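Hi everyone, thanks for coming. Please take a look at the structure on the screen, and then I'll walk you through a few places in it.

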Amino acid sequence: MGRSEFPEFNILEFSDYKNVDGQYTSQFIKSSRCVKINESDNDVTVAVARGKTNGIKILEQAHRNKEIKQIVVKDSDFAEFIGKFVDGTAEITLTLNEENKEYRLEDINSDSPVVNIINAICLEAIRRGASDIHIQGEKDFVNVRLRIDGVLQSVRKLEKHVFDSLVSRVKVMSGLNVMENRLCQDGRMSVQVQDKKFDFRVSVVPSVCGQNIVLRLFDNGDEELTLEELGFSKENLKKLNSALNNPYGMILATGPTGSGKTTTLHALIKKMDREHLKIVTIEDPVEKTIDGIEQIQVNDEINLTFENILRHVLRHDPDVIMVGEIRDKETAELAVRSALTGHLILSTIHTNDSVGAVSRLRNLGIEPYLISGTLRTVLAQRLVRKICKECRGKGCGLCSFTGFSGRTAISEIFDVDEKISSMIESQSSDAKIRNYIKTLGFKPLKEDAALKIKSEISTKDEIMREGLL
């Protein structure tokens, strides 16, 4: 056996494998983890999954007079190749009575192509750093899209006849009712790639073209970014660090869904003295676990709501409480009163900018004097894609040829001083508060966005896509 003369071979792009003369059967490729790349008069070049030698021994017998040259590929890449090309258009059958709840994406199922297709989709999402997988039924095909750096990208189209089996497979993996096709369902599933574990939050909803699936990906092994790595300007980073010095009161992060608010609050918590402070978080869902703190998962089905959990957590002598979201009057009242009684409250709220948090709390029914007495710092943020440093936005393999790699925060922050507190209590308009904090050097989102363009961290088109220019 020798080394191959195809050093640039990428099995994830080997879509025309069937056109290789004398290609092995699909059954053999899946069972042996070997696929033929080329055959000449003197040798046969094959791609083989790492550590799979049984197939090579069979090929040595089948090609007695020829040298077998190997290109060794990762197990996960070979599994993705199987699901993407070998089983991608196969007739689909599905076995529902599974007992094994540990799903290893590198395992190849010789009898059930749908298993390999779902594994391949998940493997590609993990490999490309996607946050979500969308499997959507169209009129004539199935569209698979990945959300990468906040933007959806179509990655493959499957034949429509496989759709129901794909949905059923995801339901089996996430413990949902396979027979229920009329109602929305939510579940979770865990998978493994080598020694790493990944969790998916699964949502299935009915539509006119079938049941659509969205899988939110959580990487349990990845460390979250630190506060310094999130992309805040030096000035805003200084304000956030100063906010941690408050022994009590409220720190709010505002912005739309997916703008990185929870990530920022987690980064703040990780800078706290977790050894000597009792820190409790109430989240929906718990996306990342942090050592040294207590994290509680909301479950509305059993009335384990933000409000009820917060009410009981206050009896556990906490110093710091993170409330995942203030979404109703009851939660807002409890959070404010907790801040008044010596607790530091971190939470998120949906507003377009930082100053809007004041009127939002008023609209929820919180008295102005309570807001002015508890609010300490308000942050508003968005996430925009960063220019890939390797290709400077021109597109390369490292950034999937998009020109972008990763995301950075656009932010605005203000601290509540005595003047602002007085304005809140007297119910001054958001515009008056905004005009005042500008005299203190406050830089709104648009100014921070302009700095990202000037520094060549992001582009004007990307900033405009987020509506910041």
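I'll talk about helices, then cysteines, then a few backbone details. This is a predicted model, where local features need pLDDT of at least 70, side-chain atom pairs count only at pLDDT 80 or more, and totals for chains, interfaces and linings use all residues. Residues are numbered from 1 along each chain as its sequence is written, and side-chain values use heavy atoms, with hydrogens and water left out.

Let's begin with helices. Helices are DSSP runs of H or I with at least four residues, strands are runs of E with at least two, and both are numbered from the N terminus. Helix α3 covers residues 75-86. Is α3 mostly covered or mostly open? Mostly covered: 11 of its 12 residues are buried. Buried means under 20% relative accessible area, exposed over 50%, and partly exposed in between, using a 1.4 Å probe and protein chains only. Among the buried ones are Phe 78, Phe 81 and Phe 85.

Now find α4 (residues 113-127) and α5 (residues 163-174), which pack at about 75 degrees with axes 10 Å apart. Axes are lines fitted to C-alpha atoms over the stretch in contact, and angles run from 0 to 180 degrees between N-to-C directions. The two helices are therefore roughly perpendicular (65 to 115 degrees; under 35 is roughly parallel, over 145 roughly antiparallel, the rest oblique). Contact means heavy atoms within 4.5 Å, and the residues making it include Ile 117 of α4 and Leu 166 of α5.

On to the cysteines. How many disulfides does the structure hold? It holds 0, a disulfide being a pair of cysteine sulfur atoms within 2.5 Å. The sulfur of Cys 396 is 3.7 Å from the closest cysteine sulfur, in Cys 391, too far for a bond. Cys 396 is buried, at 15%. For Cys 184, the closest cysteine sulfur is 16 Å away, in Cys 209, and Cys 184 is exposed, at 57%.

Finally, the backbone. Most residues other than glycine have a negative phi, and most peptide bonds are trans. The bond from Asp 284 to Pro 285 is cis, and Pro 285 is found in the loop between β13 and β14. Arg 392, between β17 and β18, has a positive phi near 55 degrees.

How values were computed
The expected span of a helix is 1.5 Å times one less than its number of residues.
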